[in-house]
Amino acid sequence: MAKVLWVLKSGNKLYSKVLDDYPYYVEVDLFSDKSLCTCPLGGNCEHVAAVRDAYEKGLHFDAGNVEPMNPEAVAWDYLSRVPRLALEVTIAELFSSLKRDESGSESAMLFLRALRLVRETGAREYLYPLGEALEEYSSVFHDYALVTGLRKAYRVVKNTLEKEPL
């Protein structure tokens, strides 16, 4: 099932990132009704339909009329203004990444971003799923020195939040 992470409207175009078996990028021209998706179908697919649905429900960021060179960077500029939403998007990306990241690099970056957002928002309820993600990561990449650093970063955030009053 396609999960829309974000939708960016710029002029007559929508740009989006959608999670499914893999992450896919979608572009929709609202004027011509043409679409592009990086999935094997190339467009007019469930990912495009999910993006249109999110847009019609008002779930998008409006970037004005400037066509963005990097829509994801623009979307993250908006997401960073709503840290809880950025955290939810990051957690979704992290668990998707753990299923397919052969090098561990993307998953590690997403894990660290999630930790920063948990610390910033004080969202203790995300510590448990992040602990599970860390265990999954550690079991796959057990021989990576990076695992030690990720465990330490997790402990620091967990200890910091546990010391803070509710």
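A cavity, in the sense used here, is a set of grid points where a 1.4 Å probe fits but cannot get out, and its lining residues are those with an atom within 4 Å of a point. The model discussed below is a predicted one.

**The cavity**

When the whole structure is searched, one cavity of 30 Å³ or more is found, and the volume of the largest cavity is about 30 Å³. Its lining is made up of Leu94, Leu98, Ser107, Phe111, Ala133, Leu134, Tyr137 and Leu150. Helix H3 (83–98), helix H4 (105–121) and helix H5 (127–140) each contribute at least two residues to this lining, with H5 giving the largest share, three residues. By residue class, the lining of the largest cavity comprises seven nonpolar residues, one polar residue and no charged residue.

**Aromatic pairs**

Tyr137, one of the residues lining the cavity, also belongs to an aromatic cluster together with Phe141 and Tyr144. Four aromatic pairs are found in the whole structure, and the table describes two of them.

| Pair | Distance of ring centres | Angle of planes | Class |
|---|---|---|---|
| Phe61 and Tyr78 | 5.1 Å | 10° | stacked |
| Phe141 and Tyr144 | 4.9 Å | 40° | tilted |

The pair of Phe61 and Tyr78 counts as stacked because its planes, at 10°, are under the 30 degrees that set the limit for that class. Since Phe61 lies in strand S5 and Tyr78 in helix H2 (residues 71–79), this pair ties together parts that are 17 residues apart in sequence. Phe61 is buried, its relative accessible area being 16%.

Apart from neighbours within four places in sequence, Pro23 is in contact with Lys17, Val18, Thr38 and Arg100. The C-alpha atoms of Pro23 and Met1 are separated by 12 Å, the two residues being 22 residues apart along the chain.

Note on methods
Residues numbered from 1 in each chain as written. Predicted model: local features only at pLDDT ≥ 70, side-chain atom pairs only at ≥ 80, totals over all residues. Heavy atoms only, no water. Contact = heavy atoms within 4.5 Å. 1 Å grid on protein atoms, 1.4 Å probe; cavity = no way out; pocket = protein on both sides within 12 Å on 5 of 7 lines; lining within 4 Å. Points joined across faces, edges and corners; volume = space filled by probe spheres on them. Helix = DSSP H or I, 4+ residues; strand = E, 2+ residues; numbered from the N terminus. Nonpolar A, V, L, I, M, F, W, Y, C, P; charged D, E, K, R; others polar. Phe/Tyr/Trp six-rings, centres within 6.5 Å; stacked < 30°, edge-to-face > 60°. Buried < 20%, exposed > 50% of the residue type's maximum accessible area, 1.4 Å probe, protein only.
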